[in-house]
Amino acid sequence: MNAPRTKDAAASRLIQWHFSVEPELREVYRIVLDDEGSQEGPIRLLEVNAATVPTGSIEPFGFSPTEEIPFRTVIAEITPEELESLQSHPEALPEGWSLSRAERFVRPKSS
Amino acid sequence: MPASREAWAVAFATQSQSDWQVYGRLAADPQIPACHELHYLQMACEKIAKAYRCRDTTANLDDLLTRHVGFAKFIGSFLVSPSMKEAYRGRDAQLREGAKLARALAREIEKLAPAVDRAGSPENAEYPWEVGEKVISPCEYSYPRLSLLMSAGGRTLLKLLARAIQEFEPPSPA
């Protein structure tokens, strides 16, 4: 499979795959930071997954690039209830993260 | 100058690998009570989660070092990492199937740490706990909720953990 050339295309491919393998994944926020235009800045995803455990905190984990997704990736999972809480307490987001600046992907009806 | 984020990440990954190796040795010896292998398994899990957590460069390092990092949340993120996308290419259904049990078992492993859920799940791998008028020693307990570790789904989780430890790369210096 050809690697996507842009970070946007890689992020989109990764997110679509997440919806296909995670039945409880409701929505994904692609977090946009000031370094988004740089190739070194990671793809950052906040995933709202009913199958994860609520912990009351946001824990992003960083992963290496691969041949197919040639960008660093940072992924954090939260429950739908934790998302609700975040909307009233956005200060709980990691430094620089913002839901209002994020690109939101909802679960495709077919998956 | 304090140690860097990269140095901490490498050290956590290295210690996780060592804990994982000790887990393997203890698990192979049926004479040793299960609590000891599970203690090392829990420590390997917690430390590899911390190592990957250190790769999020927006996180405050002091917070990373002092706060608990959830292994169950780590496994959820690792399951959909680019590395797993390559590893399971063409086998999405298999990944979907294994993920459910892997998440559940990861949460049970996380709870083996005494401080994680003392009220709801006191059965940890280190210290005795109270059940009614009795006090249970970990070395006399059989951990029925973790018996699935030896099932196909459980082995999937152990393979995921081994893979996470093996393929860890330190973060690039900021």
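In this predicted model, the buried residues of α6(B) pack against α1 (7-21) of chain A together with α2, α4 and α7 (152-166) of chain B. Helices here are DSSP runs of H or I with at least four residues, numbered from the N terminus, and residues are in contact if their C-beta atoms, placed from the backbone, lie within 7 Å. A residue is buried if 20 or more other C-beta atoms lie within 10 Å of its own. Among the buried residues of α6(B) are B:L95, B:G98, B:A99, B:A102 and B:R103. The helix bends by about 30° at B:A99, the bend being the angle between axes fitted to the seven residues ending there and the seven starting there.

The model is predicted, with local features needing pLDDT of at least 70 and side-chain atom pairs counting only at pLDDT 80 or more, while totals for chains, interfaces and linings use all residues. Residues are numbered from 1 along each chain as its sequence is written, with chains lettered from A and ligands numbered from 1 in the order in which they are written.

Not counting residues up to four places away in sequence, B:I48 touches B:A13, B:S16, B:L161, B:A164, B:I165 and B:F168.

The contact between the chains takes 31 residues from chain A and 26 residues from chain B. On the chain B side, α2 (34-53), α4 (71-79), α5 (82-87) and α6 (92-110) each give two or more residues.

Terms used. Two residues are in contact if their C-beta atoms, placed from the backbone, lie within 7 Å. A residue is buried if 20 or more other C-beta atoms lie within 10 Å of its own, exposed if 12 or fewer, and partly exposed in between; C-beta atoms are placed from the backbone.
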